[in-house]
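Hello,

Here is the structure you will be working from. My notes follow below it.

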Amino acid sequence: MIIILKENQPKQKVEEFIKGFESQGFTVHRSQGVHTLLLGLVGDTTKLNIETIQANDLVAEVKRIQEPYKNANRKFHPEDTVIDIAGHKIGKGHFIMISGPCSVESEEQITLVAEKVKASGASMLRGGAFKPRTSPYSFQGLRAQGLEMLQAARGKTHMPIVTEIMNTSHIPLFEDVDIIQVGARNMQNFELLRELGHLRKPILLKRGLANTLEELLMSAEYIMAGGNENVILCERGIRTFETSTRNTLDISAVPMLKKLSHLPVVVDPSHAAGIAWMVEPLAMAAIAAGADGLMVEVHNDPKHALSDGAQSLTPEQFDMLMQKVKAATAFFGKTLN
Ligand code: PEP
Ligand code: MN
């Protein structure tokens, strides 16, 4: 961190200011200009509050050199993280395919979709039981019953299950879920993130609708600071001025996140596009950009889906997508598992 002091400040105050940092364990390098003094702080500055320093009368400007996240930072963990979910690995060349309906609608529906996507080569089953809907009058999910249906489908297909949590009080219900999803709307629900940090279960953390990559990584940091290092990042499209797609898939987020962090990155082309026919080209782009996995919505009868039917693939369309995913992952040297 670099702190630039205002011109001609009282020497004693400056010395006290510097001692304050030294007493916290920082080494302070001074660089004296004609009028201004520049201070270079060496040490772990992640816990320093930049606004507090800025508020000091002596200070003209503060600049962070190091990112404010540590556990998620590749600088402190150069190797890619590999997460093992019931034998399915993600990260460092291991690629996973998560698929299933937006919402769990019945045991028959989720089991049917699970069997179909598994036959096509999907690694894991997704399905929302607690649904974050814009309208309180829309289908809200089958809640605890939906989780039981997912577990029943896992029992029949042996596919690990991925489902979204919305509330800290529901954590006990998610004990038997393989990957807990934090949806875009909860990316900055810091209480929820903190509680998930106390678990050791993998967390699929989706990027918020209008959040920067640094904010996404800070949210990952919340979970990791609690000791849960099993975080998978997910790019699912962001809000832009474009209206022809539901969101805009930020494909550049993939190489950037992989440069900044060692955590695996999954892309969700379904929520990014909002249109079924666009899922395949976006999925191909995600693999080419270096994604470690995809999450794709598949419904047995998209026209009658209780949520997100327009972006859901039929099992037959998913099977065609999987042929291309297999070819693309092999081309880019990834192992689909
Ligand atoms: C979902 O995965 O069904 C979902 C609600 O996604 P997002 O949080 O990205 O909107
Ligand atoms: Mn959905």
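The side chain of histidine 271 places an N or O atom 3.2 Å from an oxygen atom of ligand 1. Arginine 236 does likewise at 2.6 Å. A polar side-chain atom of lysine 206 is 2.8 Å from a ligand 1 oxygen. (A polar contact is a pair of N or O atoms within 3.5 Å.) On its own, ligand 1 has 300 Å² of accessible area, and the protein covers 97% of that (Shrake-Rupley method, 1.4 Å probe).

This is a predicted model: local features need pLDDT of at least 70, side-chain atom pairs need 80 or more, and totals for chains, interfaces and linings use all residues. Residues are numbered from 1 along each chain as its sequence is written, chains are lettered from A and ligands numbered from 1 in the order written, and side-chain values use heavy atoms, without hydrogens or water.

Around ligand 1 there are 13 residues (a heavy atom within 4 Å). Arg126, Ala184, Arg185, Lys206 and Arg236 come nearest. The shell holds seven charged residues (Asp, Glu, Lys, Arg), three nonpolar (Ala, Val, Leu, Ile, Met, Phe, Trp, Tyr, Cys, Pro) and three polar (the others, Gly among them).

There are 17 salt bridges in the whole structure (Lys or Arg side-chain nitrogen within 4 Å of an Asp or Glu carboxyl oxygen). One of them joins arginine 154 and aspartate 176, N to O, at 2.7 Å. That pair links distant parts of the chain, 22 residues apart. Arginine 154 is in helix H4 (DSSP run, at least four residues).

Best wishes

Technical notes: A polar contact is a pair of N or O atoms within 3.5 Å; within protein, one must be able to donate a hydrogen and the other to accept it, and residues adjacent in sequence count only if both atoms are side-chain atoms. Helices (H or I, at least four residues) and strands (E, at least two) are DSSP runs, numbered from the N terminus.
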